[in-house]
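This report covers a ligand site and a set of individual residues. The sequence and structure come first.

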Amino acid sequence: EMSPEEIAFQERIDRNEKIEPKEWMPEGYRKTLIRQIGQHAHSEIVGQLPEGNWITRAPTLERKQILLAKVQDEAGHGLYLYCAAETLGVSRDELLERLHSGDMKYSSIFNYPTLTWADMGAVGWLVDGAAIMNQVPLQRTSYGPYSRAMIRICKEESFHQRQGYAIMMKMANGTPAQKKMAQDALNRLWYPSLMMFGPSDKDSVHSAQSMAWKIKMNTNDELRQKFVDQTVPQAEYLGLTVPDPDLKWNEEKGGYDFTEPDWDEFYQVLKGNGPCNKERLGARVKAWEDGAWYREAMTAHAKKKAARRSA
Ligand code: ACO
């Protein structure tokens, strides 16, 4: 049964009021937000790795500059999101500790390797495309700081998606070998991109409550369907084939019928058994450990300054 506070809170949500940091909120609402915003922040940070992998090997100076800027944007997104999570009373150190110990997740997609330059195109097109599909509705999410972070992030994310598609256009209209690379990238990243939206609605444990609280605005399957409907014509325009023999336009539902991703594979990746889980988490832990001297120096400096001020 809901308490009077909970009833009043739900009424505010139903009126589309934003909830701000110092205001009363149910513990479950706070916990769900810390989980989702924290995981989202981790995804942005871990998400720098598969693309960072290609900065030194970008084919031209211009491509290198674009990729560098894009990977830096992802770091910025991570920082906005950690700030949003901190307003809920969790420290950044604790969130990072929980990432590094494997207690908190980050998006499954970043546990797949980026094998060729065409993957930079496919990541921008598909992965950032899926990210925007999920994040545009989150601009209207009920928690003020999360909603405001999403507004800024979505602006940059659409540039990321377009730069990816631009690479795909170049590759798909290039030499036969380049076109083959583009097709191969699509083949490998299609299903992992569909998995980004989370398990199918019948297996999504958090959706019902998160939607009642307007933390999530759509179900996982709704957004996955929208993504497929938007992306298939883009693949056709590139002259590439979506790796799904059962993909078919369904006039009645006004959308495509498509094959679901392999959910066993999805749960294996979540458990840490994807192709790159160990490498990705290892890189983050190493970065944290390598930065210890810097954090110590900053703390020592702040202490010295404070002592000088009080003297
Ligand atoms: N990768 C890793 N874990 C996932 C994924 C995924 N693609 N999809 C679902 N999960 C996890 C959930 O976190 C949850 O686990 P938990 O209880 O341990 O936290 C479990 O699977 C069950 O899924 P749901 O009940 O459907 O979880 P939820 O309601 O949180 O929905 C979703 C998942 C759609 C990803 C939601 O959290 C969300 O919209 N998050 C914000 C967007 C985001 O994180 N994007 C990051 C990737 S894109 C990018 O940043 C570049």
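## A side-chain contact of Asn111

What polar contact joins the side chains of Asn111 and Tyr106? The two side chains are joined by a polar contact of 2.6 Å. A polar contact is a pair of N or O atoms within 3.5 Å; within protein, one must be able to donate a hydrogen and the other to accept it, and residues adjacent in sequence count only if both atoms are side-chain atoms.

Asn111 belongs to the loop between α5 (92-100) and α6. Helices are DSSP runs of H or I with at least four residues, numbered from the N terminus. Asn111 counts as buried because its relative accessibility is 2%. Buried means under 20% relative accessible area, exposed over 50%, and partly exposed in between, with a 1.4 Å probe and protein chains only.

## Basis of the model

The model is predicted: local features need pLDDT of at least 70, side-chain atom pairs count only at pLDDT 80 or more, and totals for chains, interfaces and linings use all residues. Residues are numbered from 1 along each chain as its sequence is written, and side-chain values use heavy atoms, with hydrogens and water left out.

## The ligand and its shell

The ligand is surrounded by 28 residues, of which Lys105, Ser108, Ser204, His206 and Lys216 are the closest. A residue is near a molecule if one of its heavy atoms lies within 4 Å of it. The shell around the ligand consists of twelve nonpolar, twelve polar and four charged residues. In this grouping Ala, Val, Leu, Ile, Met, Phe, Trp, Tyr, Cys and Pro count as nonpolar, Asp, Glu, Lys and Arg as charged, and the others, Gly among them, as polar.

Helices α2 (27-46), α6 (118-138) and α11 (263-273) each supply at least two residues of this shell. The most come from α2, which gives six residues. The ligand takes up the space of the largest pocket. On a 1 Å grid over the protein atoms alone, a pocket is an open set of points where a 1.4 Å probe fits, with protein on both sides within 12 Å along at least five of seven lines. A molecule sits in a pocket if more than half of its atoms lie within 2 Å of its grid points.

Which distances separate oxygen atoms of the ligand from polar atoms of Gln39, Ser204 and Val205? For Gln39, a polar side-chain atom lies 2.9 Å from a ligand oxygen. For Ser204, an N or O atom of the side chain is 2.7 Å from an oxygen atom of the ligand. For Val205, a polar backbone atom is 3.0 Å from a ligand oxygen. Taken alone, the ligand exposes 960 Å², and the protein buries 89% of that area. Accessible areas come from the Shrake-Rupley method with a 1.4 Å probe; for residues, only the protein chains shown count as cover.

## The loop between α9 and α10

Thr219 is placed in the loop between α9 (207-212) and α10 (220-238). Its side chain makes a polar contact of 2.8 Å with the side chain of Asp201. Thr219 counts as buried because its relative accessibility is 14%.

Lys214 is in the loop between α9 and α10. Lys214 is not a glycine, yet it has a positive phi of about 55°. Most residues other than glycine have a negative phi.

## The loop between α1 and α2

Asn16 lies in the loop between α1 (4-14) and α2. Its phi is positive, about 65°, although Asn16 is not a glycine. Is Asn16 buried or exposed? Asn16 is exposed, because its relative accessible area is 55%.

Ile19 is found in the loop between α1 and α2. Ile19 is buried, with a relative accessible area of 0%. Its C-alpha atom is separated by 34 Å from that of Arg280, 261 residues apart along the chain.

## Buried residues in helices

Ile45, in helix α2, is buried at a relative accessible area of 11%. Ile45 and Pro245 are 200 residues apart in sequence and 35 Å apart in space, C-alpha to C-alpha.

Val123 lies in helix α6 and counts as buried at 7% relative accessibility. A C-alpha separation of 26 Å lies between Val123 and Arg98, which are 25 residues apart along the chain. Ala235, in helix α10, is buried with a relative accessible area of 1%. Ala235 and Met168 are 67 residues apart in sequence, and their C-alpha atoms are 9.4 Å apart in space.

Conventions
1 Å grid on protein atoms, 1.4 Å probe; cavity = no way out; pocket = protein on both sides within 12 Å on 5 of 7 lines; lining within 4 Å.
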